[in-house]
Amino acid sequence: MITAEHSRLTAHYNGKKNWLRWGPYLSERQWGTVREDYSADGDAWRYFPHGHARSRVYRWGEDGIAGISDEGQRLCFAMSFWNGRDPILKERLFGLSNPEGNHGEDVKEQYFYLDNTPTHAYMAHRYLYPCGEFPYSELLGENSRRSRFEPEFELTDTEIFWKNGWFDILTEYAKVDTDDLLIRITATNKSQSEQQLWLLPTLWFRNTWFDGSPRPNIEKKEGGVVAQHPELDNFHLFFEEPEWLLFTENDTNTERLFGVENASPFVKDAFHRAICEQDFDFINNKNQGTKCAPVYRLTLKPGEATTLHLRLSSAEVDKPLDSSFFTKIFQKRKKEADSFYASLPASPACASVEEEGALIRRQAFAGVLWNKQFYSYNVATWLDGDPGQPPPPQSHLLGRNANWRHLNAHDIISMPDKWEYPWFAAWDLAFQCIPLAAVDSDFAKEQLLLLLREWYMHPSGAIPGYEWKFDNANPPVQAWAALEIYRLEKKSTGRGDSIFLEKIFQKLIVNFSWWLNQEDANGNNIFEGGFLGLDNIALFDREKGIPPGCTLEQADGTAWMAFYCLHMLEIALVLAAEDPAYEDMATKFFEHFVQIAAALNALGDELWDEAEGFFYDHLRHGGEVLPLRVRSLVGLSTLFGVTVLDKKELAAVPGFAERMQHFQAERLQRHEYIVFERTDEDGDILLSLVPPDRLQRLLGALFDEGEFLSQHGVRSVSRRHAAQPVEVAVNGEEYGLHYEPAEGETGAFGGNSNWRGPVWFPMNYLLIHALQTYQDYYGNAVKMEFPTGSGQRITFGEAAGKISERLLLLFVRNADGDRPAHAGNPLFRLPEYQDLVLFYEYFHGETGKGLGASHQTGWTGLAGVI
């Protein structure tokens, strides 16, 4: 069904109307990021802390609450609040920096992404602001006091939140047209007494004039203000009559921060002085600036709600705030959003829980879309400093990301979490593109190609990992993600975008060569890889903590390369059906896969442990080999390397099929490992990194509830290691690991994520994908015990479905009315909040409690497509 939202998407991507010029592109945290750090020691958290954010101008972006901006983030709009008690305005979400939290950085607010559509024609956001003084000191002090063995202390754990109540603030946007946005703000008093709330809907320009460029301007006009920028059309913000209309400049308060007298009192934090100190005299007569806000002082009785209306438009509008027009457009856009989501095919797991599934799916997609962000970072300029500005310290020039001078980002990018991770991560982005493809396949394709463009990818072929260290190698999942997007779109529209596949294939050939050259130190097709996104999953830091003189041969590094080969092979075969020149490339990747599979499974020196039936990393020191017997996703990742070559598709590439058969015959003659099987001479072909006997043993561990299979998905480390920790001595140094189902118990990789027991959505998704692939080949002919020891036997496809259901049940209300991910938080037992869902970074391996980043709808948004 073609809905109004589909029509808008078509008009946008056909170049007729830019429906994506405005969107939720504001970050939720710009302070404490690498790109704002010009320190000598690279300590981004201390160089630009939260306490500076209200007074200090950002260089590379802006942040705000429920905010929007144009696609180049020149003009921004967001909400600010004051409850009459706080020492500062609530202009941005508060959270702890990495050194302050007992489990690293963490936002300490309650907010929800309620709804969003791909063109952002309708968006809804809910924020809960305490009526009592916001407990900044209590949150900081209590989390600092707690150890890494204790849970984080949250806003809803404070007495202030429950005793004094909160304001429920609903912010909604509805686009009349591409440059005409209606804004509706509804504030409700959720306390037991009368409360006063100050609302400041704020419009401002990002500071681009620090280098002498022309300064834009916002000035008062009848019924609102007009914003003028040399790179934008004039934009008018219309609003209801406020009690005050304040103007200032988006310039640093040097006096407050550095003891240097300000050239003018009209600095970035002037509204804090006016509102929180009740000092309006210095600002009352200013009628223009680069930042402005109408001020509304609301007195609300318990349960009372007030609604404000604003309109941001590039056109002069007659009766801009007409109430009947607002009602009509909001009703229309919400109905269109309902129709759009109803038109999408239901995922199997979501369909299995009916109404709850639709609710979960809708909010998962809303979160993925709200997590779009304008990301600007010119590394050369950042290293050298801006012309005419004081140069950064010499150590900064030679420090972090110094060999990525070519990287010049100025794009809208899907972020993992706009507060905790307001920067792209290479493999996160690939996973995020899967739920994005379900709602906007064109945007998903653009995103996947983006990091492979010449202003991101290193000339060597490396893909940037993440801004804290672009050199960090993330798992190479881009080829797999490209095929997933291609197939989703083909299933949805009846056609696949082979041009997209060809573009990404050409780029990934360069990256594949980089992997071959950089990550196979011994030249034996057993790969290293280092970090690979799994943070603390190993006995030591695999990036920089490998014992001196040793080489780490990684089961997952090798598995990822096999996985990479298979999907490059598949892409080549799709392209070869139209262009035979790609048949040779298909052969190349097939042979690479066979060699890697043979190395992984070869007799005598493989990573497989026959006695334990599992794949383990090996530590090599001289001629000695030490197996590191940690039962984790590292070993299970070998299951990812599987695909089925359809006999009909092979018929379209006879040259490849002939060479493959010849290759098989040669290996049989030499008694070498064969990686594929076939039901008959003319049947489909299964390519599997893991041979059938080892597959059976790995699945026995995977489906064992005493090891990997929890009630909420697959754990990252076997539960066996609770009673049987792993301890290894190397060169006199002791290393150890045990099962940690909750937050990490050490500070490894910042301490804010943990791969030693919790459930992670992306890896579960890949395991489900692998099981479904085996189902495609074996059908119902093969069954296995699930759970292990239960005596119940099911097919691969049924096992995939069972794991999907366990994952989705994290967000489904149980018999007690609680969603396991919310861990009994009483807020979600209140009738008005029981349908709200948070999509966390990872989940407790026993209880399912959500952990880590609370709004990581990026890859946890996969819940919408499992």
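## Helix α8 and D338

D338 is found in helix α8, residues 323-343. Helices here are DSSP runs of H or I with at least four residues, strands are E runs of at least two, and both are numbered from the N terminus. D338 counts as partly exposed, at 42% relative accessibility. Buried means under 20% relative accessible area, exposed means over 50%, and partly exposed lies in between, with a 1.4 Å probe and protein chains only. The C-alpha atoms of D338 and Q775 are separated by 34 Å, and the two residues are 437 residues apart along the chain.

## Basis of the model

This is a predicted model: local features need pLDDT of at least 70, side-chain atom pairs count only at pLDDT 80 or more, and totals for chains, interfaces and linings use all residues. Residues are numbered from 1 along each chain as its sequence is written, and side-chain values use heavy atoms, with hydrogens and water left out.

## Overall form

The protein chain has 26 helices and 35 strands. Its C-alpha trace spans about 90 × 60 × 60 Å along the principal axes.

Buried residues make up 64% of the 866 residues. Contact means heavy atoms within 4.5 Å. Of the contacts between residues at least 6 apart in sequence, 72% join residues at least 24 apart.

## Surface and charge

The protein chain exposes about 30900 Å², and carbon and sulfur atoms supply 47% of this area. Accessible areas come from the Shrake-Rupley method with a 1.4 Å probe; for residues, only the protein chains shown count as cover.

There are 82 positive and 123 negative side chains. Lys and Arg count as positive, Asp and Glu as negative; His and the chain ends are not counted. The centres of the two sets lie 4 Å apart. Each charge is placed at NZ of Lys, CZ of Arg, CG of Asp or CD of Glu.

## The largest nonpolar core

In soluble globular proteins, nonpolar side chains tend to be buried together. Here the largest nonpolar core has 279 residues, and L199, L203, F656 and F811 have the most contacts inside it. Helix α17, residues 555-576, gives the most to this core, with 16 residues. A nonpolar core is a set of buried Ala, Val, Leu, Ile, Met, Phe, Trp, Tyr and Cys residues joined through side-chain atoms within 4.5 Å.

Leaving aside neighbours within four places in sequence, L199 is in contact with residues including M79, I185, P294, Y296 and L308. I185 is found in strand β9, residues 180-189. I185 is buried, with a relative accessible area of 0%. Not counting residues up to four places away in sequence, I185 touches residues including M79, I169, L199, P201 and L310. I185 and D584 are 399 residues apart in sequence and 59 Å apart in space, C-alpha to C-alpha.

## Around F811

F811 is found in the loop between α25 and β34. At 1% relative accessibility, F811 counts as buried. Not counting residues up to four places away in sequence, its contacts include E356, I360, F761, F839 and A863.

A823 lies in the loop between α25 (796-808) and β34 (842-843). A823 is partly exposed, with a relative accessible area of 43%.

## Backbone exceptions

Most residues other than glycine have a negative phi, and most peptide bonds are trans. Phi of A823 is positive, near 50°. N401 is not a glycine either, and has a positive phi of about 60°. The place of N401 is in the loop between α12 (394-397) and β19 (408-414). N401 is buried, with a relative accessible area of 6%.

The peptide bond from F786 to P787 is cis, with omega near -15°. P787 is in the loop between β32 (783-785) and β33 (793-795).

T795 lies in strand β33. T795 counts as buried, at 4% relative accessibility. Leaving aside neighbours within four places in sequence, T795 is in contact with Q775, G779, N780, V782, K783 and M784.

S632 is in the loop between β24 (624-628) and α19 (633-636). At 2% relative accessibility, S632 counts as buried. Not counting residues up to four places away in sequence, S632 touches I537, F614, F708, S716 and V717.
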